[in-house]
Amino acid sequence: MNTDILPGGRYVHGYSERETRRLGDQADTLAALLHSDTAYPDGSRVLEVGCGVGAQTVHLVAHSPGAHIVAIDVSEESLERARARLAAERPGARVEWHRADLFDLPFPDAAFDHVFVCFVLEHLRDPALALAGLRRVLAPGGTITVIEGDHGSAFFHPDSRYAQATIECLVRLQAAAGGDALVGRRLQPLLSEAGYTEIVVGPRTVYADRTRPALVEGFIRSTFIAMVEAVRDDALATGLITAPDWDRGIADLRRTADPGGTFHYTFFKGVAVNPR
Ligand SMILES: C[S@@+](CC[C@H](N)C(=O)[O-])C[C@H]1O[C@@H](n2cnc3c(N)ncnc32)[C@H](O)[C@@H]1O
(Lines give C-alpha, C1' and ligand atoms only; values in the text may rest on other atoms or scores of the structure.)
Protein backbone atom coordinates (compact mmCIF):
# COMPACT_ATOMS: atom_id res chain seq x y z
CA MET A 1 0.00 0.00 0.00
CA ASN A 2 1.44 3.27 -1.16
CA THR A 3 0.40 5.57 1.70
CA ASP A 4 2.09 8.28 3.66
CA ILE A 5 3.53 6.42 6.62
CA LEU A 6 6.14 7.92 8.93
CA PRO A 7 9.24 5.90 9.74
CA GLY A 8 7.52 4.83 12.96
CA GLY A 9 4.76 3.27 10.86
CA ARG A 10 2.23 6.08 11.29
CA TYR A 11 0.24 8.07 8.74
CA VAL A 12 1.52 11.68 8.97
CA HIS A 13 -1.74 13.29 10.17
CA GLY A 14 -2.89 10.23 12.13
CA TYR A 15 -6.47 9.03 12.66
CA SER A 16 -7.17 10.68 16.02
CA GLU A 17 -10.38 12.31 17.23
CA ARG A 18 -8.60 15.64 16.92
CA GLU A 19 -7.68 14.97 13.28
CA THR A 20 -11.28 13.93 12.59
CA ARG A 21 -12.43 17.28 13.97
CA ARG A 22 -9.78 19.13 11.95
CA LEU A 23 -10.82 17.47 8.67
CA GLY A 24 -14.43 18.38 9.39
CA ASP A 25 -13.57 22.00 10.21
CA GLN A 26 -11.45 22.20 7.09
CA ALA A 27 -14.14 20.83 4.79
CA ASP A 28 -16.96 22.90 6.30
CA THR A 29 -14.96 26.13 6.28
CA LEU A 30 -13.82 25.65 2.69
CA ALA A 31 -17.02 24.14 1.26
CA ALA A 32 -18.01 27.20 -0.77
CA LEU A 33 -14.46 27.74 -2.04
CA LEU A 34 -13.82 24.13 -3.01
CA HIS A 35 -17.20 22.56 -3.80
CA SER A 36 -19.49 25.28 -5.19
CA ASP A 37 -18.70 24.34 -8.80
CA THR A 38 -18.76 20.57 -8.36
CA ALA A 39 -22.18 19.02 -9.06
CA TYR A 40 -22.76 15.65 -10.68
CA PRO A 41 -25.89 14.83 -12.69
CA ASP A 42 -28.69 12.68 -11.29
CA GLY A 43 -27.97 9.02 -11.84
CA SER A 44 -24.26 9.50 -12.51
CA ARG A 45 -21.83 7.15 -10.80
CA VAL A 46 -19.24 9.01 -8.69
CA LEU A 47 -16.23 7.51 -6.90
CA GLU A 48 -14.73 9.46 -4.00
CA VAL A 49 -11.19 8.21 -3.45
CA GLY A 50 -9.71 8.49 0.07
CA CYS A 51 -12.92 9.79 1.68
CA GLY A 52 -11.41 9.67 5.17
CA VAL A 53 -13.98 10.60 7.81
CA GLY A 54 -16.47 11.76 5.19
CA ALA A 55 -15.70 15.46 5.64
CA GLN A 56 -15.92 16.11 1.88
CA THR A 57 -18.49 13.37 1.24
CA VAL A 58 -21.26 15.27 3.03
CA HIS A 59 -20.63 18.25 0.73
CA LEU A 60 -20.54 16.06 -2.39
CA VAL A 61 -23.91 14.61 -1.38
CA ALA A 62 -25.33 18.07 -0.72
CA HIS A 63 -24.33 19.33 -4.17
CA SER A 64 -25.24 16.15 -6.07
CA PRO A 65 -28.21 14.60 -4.25
CA GLY A 66 -29.21 12.50 -7.26
CA ALA A 67 -25.78 11.02 -7.99
CA HIS A 68 -24.81 7.53 -6.89
CA ILE A 69 -21.76 8.16 -4.68
CA VAL A 70 -19.33 5.39 -3.79
CA ALA A 71 -16.64 6.33 -1.25
CA ILE A 72 -13.50 4.33 -0.48
CA ASP A 73 -10.68 4.59 2.06
CA VAL A 74 -8.00 2.25 3.39
CA SER A 75 -8.92 3.04 6.98
CA GLU A 76 -11.90 1.12 8.37
CA GLU A 77 -11.88 3.39 11.42
CA SER A 78 -12.25 6.47 9.19
CA LEU A 79 -15.04 4.80 7.21
CA GLU A 80 -16.93 4.17 10.47
CA ARG A 81 -16.67 7.87 11.30
CA ALA A 82 -17.69 8.77 7.77
CA ARG A 83 -20.84 6.66 8.05
CA ALA A 84 -21.71 8.34 11.35
CA ARG A 85 -21.03 11.82 9.95
CA LEU A 86 -23.28 11.27 6.95
CA ALA A 87 -26.09 9.87 9.10
CA ALA A 88 -25.84 12.87 11.43
CA GLU A 89 -25.42 15.61 8.84
CA ARG A 90 -27.40 14.24 5.87
CA PRO A 91 -29.96 11.83 7.32
CA GLY A 92 -31.51 9.73 4.56
CA ALA A 93 -28.66 10.35 2.11
CA ARG A 94 -27.16 7.21 0.59
CA VAL A 95 -23.48 6.56 0.00
CA GLU A 96 -21.90 3.18 -0.72
CA TRP A 97 -18.79 2.76 1.47
CA HIS A 98 -15.92 0.38 0.75
CA ARG A 99 -12.65 -0.29 2.51
CA ALA A 100 -10.22 -0.40 -0.40
CA ASP A 101 -6.76 0.63 -1.54
CA LEU A 102 -6.92 3.06 -4.44
CA PHE A 103 -4.10 1.10 -6.08
CA ASP A 104 -6.20 -2.06 -6.06
CA LEU A 105 -9.80 -1.01 -6.52
CA PRO A 106 -12.48 -3.72 -6.37
CA PHE A 107 -14.53 -2.26 -9.25
CA PRO A 108 -14.84 -3.25 -12.91
CA ASP A 109 -13.33 -1.16 -15.70
CA ALA A 110 -15.25 2.06 -16.52
CA ALA A 111 -17.51 1.60 -13.46
CA PHE A 112 -17.73 5.37 -12.79
CA ASP A 113 -18.65 8.52 -14.71
CA HIS A 114 -16.70 10.77 -12.35
CA VAL A 115 -13.89 10.45 -9.82
CA PHE A 116 -13.30 12.90 -6.96
CA VAL A 117 -10.00 13.03 -5.03
CA CYS A 118 -9.39 15.57 -2.26
CA PHE A 119 -6.26 15.88 -0.09
CA VAL A 120 -5.06 12.38 -0.94
CA LEU A 121 -2.30 12.82 -3.55
CA GLU A 122 -0.19 14.72 -1.02
CA HIS A 123 0.08 11.46 0.93
CA LEU A 124 1.19 9.18 -1.89
CA ARG A 125 4.68 8.18 -3.02
CA ASP A 126 3.65 8.15 -6.67
CA PRO A 127 0.65 10.41 -7.30
CA ALA A 128 0.97 10.14 -11.10
CA LEU A 129 0.74 6.34 -10.85
CA ALA A 130 -2.34 6.71 -8.64
CA LEU A 131 -4.02 9.08 -11.10
CA ALA A 132 -3.18 6.84 -14.05
CA GLY A 133 -4.58 3.80 -12.21
CA LEU A 134 -7.86 5.59 -11.51
CA ARG A 135 -8.42 5.88 -15.28
CA ARG A 136 -9.23 2.15 -15.35
CA VAL A 137 -12.42 2.59 -13.30
CA LEU A 138 -13.36 5.87 -14.98
CA ALA A 139 -15.48 5.66 -18.13
CA PRO A 140 -13.91 7.08 -21.31
CA GLY A 141 -15.04 10.71 -21.47
CA GLY A 142 -15.58 10.77 -17.69
CA THR A 143 -14.03 13.42 -15.46
CA ILE A 144 -11.66 13.44 -12.54
CA THR A 145 -11.64 16.28 -10.00
CA VAL A 146 -8.59 16.69 -7.80
CA ILE A 147 -8.12 19.15 -4.94
CA GLU A 148 -4.80 19.61 -3.13
CA GLY A 149 -3.13 22.22 -0.95
CA ASP A 150 0.39 23.57 -1.15
CA HIS A 151 2.07 24.59 2.10
CA GLY A 152 4.52 26.76 0.19
CA SER A 153 1.61 29.11 -0.45
CA ALA A 154 1.28 30.00 3.24
CA PHE A 155 2.36 33.55 3.97
CA PHE A 156 1.16 35.78 6.72
CA HIS A 157 1.50 38.89 8.81
CA PRO A 158 3.28 39.32 11.13
CA ASP A 159 5.88 37.29 9.26
CA SER A 160 8.09 35.03 11.36
CA ARG A 161 10.93 32.73 10.46
CA TYR A 162 10.03 30.63 13.50
CA ALA A 163 6.48 30.18 12.23
CA GLN A 164 7.82 29.30 8.77
CA ALA A 165 10.18 26.78 10.39
CA THR A 166 7.25 24.90 11.98
CA ILE A 167 5.53 24.64 8.59
CA GLU A 168 8.82 23.48 7.06
CA CYS A 169 8.92 20.68 9.67
CA LEU A 170 5.56 19.40 8.40
CA VAL A 171 6.74 19.63 4.78
CA ARG A 172 9.91 17.71 5.58
CA LEU A 173 8.19 15.04 7.68
CA GLN A 174 5.68 14.46 4.91
CA ALA A 175 8.48 14.26 2.33
CA ALA A 176 10.41 11.82 4.53
CA ALA A 177 7.32 9.63 4.58
CA GLY A 178 7.08 9.70 0.79
CA GLY A 179 4.43 12.41 0.45
CA ASP A 180 4.51 15.95 -0.88
CA ALA A 181 2.91 18.82 1.04
CA LEU A 182 3.70 21.07 -1.95
CA VAL A 183 1.79 18.90 -4.44
CA GLY A 184 -0.80 21.55 -5.36
CA ARG A 185 1.55 23.32 -7.77
CA ARG A 186 2.12 19.97 -9.57
CA LEU A 187 -1.49 19.11 -10.34
CA GLN A 188 -1.43 20.02 -14.04
CA PRO A 189 1.75 18.09 -14.87
CA LEU A 190 0.62 15.12 -12.77
CA LEU A 191 -2.75 14.89 -14.53
CA SER A 192 -1.00 15.24 -17.88
CA GLU A 193 1.57 12.55 -17.06
CA ALA A 194 -1.28 10.25 -16.02
CA GLY A 195 -2.84 10.58 -19.48
CA TYR A 196 -5.80 12.89 -18.81
CA THR A 197 -6.83 15.56 -21.32
CA GLU A 198 -8.75 18.86 -21.22
CA ILE A 199 -7.00 19.66 -17.94
CA VAL A 200 -8.07 22.84 -16.19
CA VAL A 201 -6.35 23.71 -12.91
CA GLY A 202 -7.09 26.84 -10.93
CA PRO A 203 -5.96 28.32 -7.61
CA ARG A 204 -8.46 28.60 -4.77
CA THR A 205 -7.12 31.14 -2.33
CA VAL A 206 -8.06 31.49 1.31
CA TYR A 207 -7.33 34.89 2.71
CA ALA A 208 -8.26 35.68 6.31
CA ASP A 209 -8.08 38.75 8.52
CA ARG A 210 -10.22 40.08 11.38
CA THR A 211 -12.95 41.16 8.92
CA ARG A 212 -13.48 37.43 8.10
CA PRO A 213 -13.87 35.89 11.57
CA ALA A 214 -15.25 32.58 10.28
CA LEU A 215 -12.06 32.01 8.27
CA VAL A 216 -9.82 33.16 11.12
CA GLU A 217 -11.36 30.52 13.36
CA GLY A 218 -12.24 27.83 10.81
CA PHE A 219 -9.14 28.04 8.65
CA ILE A 220 -6.19 29.71 10.44
CA ARG A 221 -6.80 28.23 13.88
CA SER A 222 -8.85 25.06 13.42
CA THR A 223 -7.43 23.87 10.09
CA PHE A 224 -3.94 25.18 9.43
CA ILE A 225 -2.42 25.70 12.89
CA ALA A 226 -4.09 22.50 14.15
CA MET A 227 -2.45 20.58 11.28
CA VAL A 228 1.01 21.99 11.99
CA GLU A 229 0.70 21.54 15.76
CA ALA A 230 -0.12 17.86 15.31
CA VAL A 231 3.42 17.01 14.14
CA ARG A 232 5.14 18.57 17.18
CA ASP A 233 6.28 15.27 18.68
CA ASP A 234 7.67 13.96 15.39
CA ALA A 235 9.40 17.28 14.61
CA LEU A 236 11.14 17.26 17.99
CA ALA A 237 11.91 13.53 17.97
CA THR A 238 13.55 13.74 14.55
CA GLY A 239 15.62 16.77 15.61
CA LEU A 240 14.18 19.04 12.91
CA ILE A 241 13.66 21.85 15.44
CA THR A 242 14.23 22.59 19.12
CA ALA A 243 11.32 22.80 21.56
CA PRO A 244 11.81 26.54 22.26
CA ASP A 245 11.93 27.35 18.53
CA TRP A 246 8.84 25.21 17.93
CA ASP A 247 6.88 26.89 20.72
CA ARG A 248 7.90 30.34 19.48
CA GLY A 249 6.90 29.39 15.92
CA ILE A 250 3.45 28.18 17.00
CA ALA A 251 2.95 31.29 19.14
CA ASP A 252 3.86 33.41 16.10
CA LEU A 253 1.44 31.45 13.90
CA ARG A 254 -1.31 32.08 16.46
CA ARG A 255 -0.51 35.79 16.32
CA THR A 256 -1.56 35.84 12.65
CA ALA A 257 -5.09 34.97 13.85
CA ASP A 258 -5.17 37.88 16.31
CA PRO A 259 -6.50 41.33 15.39
CA GLY A 260 -3.97 42.93 13.05
CA GLY A 261 -2.85 39.56 11.67
CA THR A 262 -3.49 38.23 8.15
CA PHE A 263 -3.11 34.81 6.54
CA HIS A 264 -2.95 33.58 2.94
CA TYR A 265 -3.07 29.99 1.60
CA THR A 266 -3.77 28.57 -1.84
CA PHE A 267 -5.45 25.29 -2.73
CA PHE A 268 -5.47 24.00 -6.30
CA LYS A 269 -8.47 22.37 -7.96
CA GLY A 270 -8.07 20.48 -11.22
CA VAL A 271 -10.69 18.93 -13.49
CA ALA A 272 -9.68 16.69 -16.39
CA VAL A 273 -11.14 14.18 -18.80
CA ASN A 274 -10.29 10.51 -19.27
CA PRO A 275 -9.77 10.39 -23.05
CA ARG A 276 -11.93 8.07 -25.18
C1 LIG B 1 -5.94 13.86 4.57
S2 LIG B 1 -7.07 12.56 4.47
C3 LIG B 1 -8.32 13.33 3.43
C4 LIG B 1 -9.66 12.72 3.64
C5 LIG B 1 -10.77 13.41 2.84
N6 LIG B 1 -10.57 13.28 1.41
C7 LIG B 1 -10.89 14.87 3.22
O8 LIG B 1 -10.56 15.73 2.41
O9 LIG B 1 -11.32 15.15 4.35
C10 LIG B 1 -6.31 11.38 3.36
C11 LIG B 1 -7.07 10.05 3.31
O12 LIG B 1 -6.52 9.26 2.25
C13 LIG B 1 -6.56 7.91 2.69
N14 LIG B 1 -5.61 7.12 1.90
C15 LIG B 1 -4.27 7.25 1.86
N16 LIG B 1 -3.73 6.35 1.02
C17 LIG B 1 -4.77 5.64 0.49
C18 LIG B 1 -4.86 4.55 -0.43
N19 LIG B 1 -3.77 4.01 -0.98
N20 LIG B 1 -6.08 4.08 -0.77
C21 LIG B 1 -7.20 4.63 -0.21
N22 LIG B 1 -7.18 5.64 0.69
C23 LIG B 1 -5.98 6.15 1.04
C24 LIG B 1 -6.19 7.98 4.17
O25 LIG B 1 -6.59 6.82 4.88
C26 LIG B 1 -6.94 9.24 4.59
O27 LIG B 1 -8.23 8.94 5.07
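Visitor: Which residues of α9 are called buried, and what makes a residue buried?

Guide: In this predicted model, local features need pLDDT of at least 70, side-chain atom pairs count only at pLDDT 80 or more, and totals for chains, interfaces and linings use all residues. Residues are numbered from 1 along each chain as its sequence is written. A residue is buried if 20 or more other C-beta atoms lie within 10 Å of its own, exposed if 12 or fewer, and partly exposed in between, with C-beta atoms placed from the backbone. In α9, Trp246, Gly249, Asp252 and Leu253 are buried. They cover an arc of only 130° around the axis (the arc is that of the directions from the helix axis to the C-beta atoms), so they sit on the same side of α9. Ala243 and Pro244, on the other side of α9, are exposed.

Visitor: What do the buried residues of α9 pack against?

Guide: Their partners are α5, α7 and α8. Contact here requires the C-beta atoms of two residues, placed from the backbone, to lie within 7 Å. Helices (H or I, at least four residues) and strands (E, at least two) are DSSP runs, numbered from the N terminus.

Visitor: How do you know whether the length of α9 agrees with its number of residues?

Guide: The expected span of a helix is 1.5 Å times one less than its number of residues. For the 13 residues of α9 that should be 18 Å, and the end C-alpha atoms are 18 Å apart, so the two agree. Helix α5 (residues 161-176) has 16 residues and should span 22 Å; its end C-alpha atoms are 22 Å apart, which agrees.

Visitor: Which residues of α5 are buried, and why are they placed on one side or on several?

Guide: The buried residues of α5 are Ala163, Thr166, Ile167, Cys169, Leu170, Leu173 and Gln174. Their arc around the axis is only 140°, which puts them on the same side of α5. They pack against α7 (213-229), α8 (232-237) and α9 (243-255). Just after α5, Gly178 takes a positive phi of about 95°.

Visitor: What class does Ala110 fall into?

Guide: Ala110 has 16 other C-beta atoms within 10 Å, and is therefore partly exposed. Ala110, in the loop between β3 (95-99) and β4 (112-118), also has a positive phi, near 55°.

Visitor: What makes the bond between His157 and Pro158 a cis peptide bond?

Guide: Its omega is about 0°. Pro158 lies in the loop between β6 (155-157) and α5.
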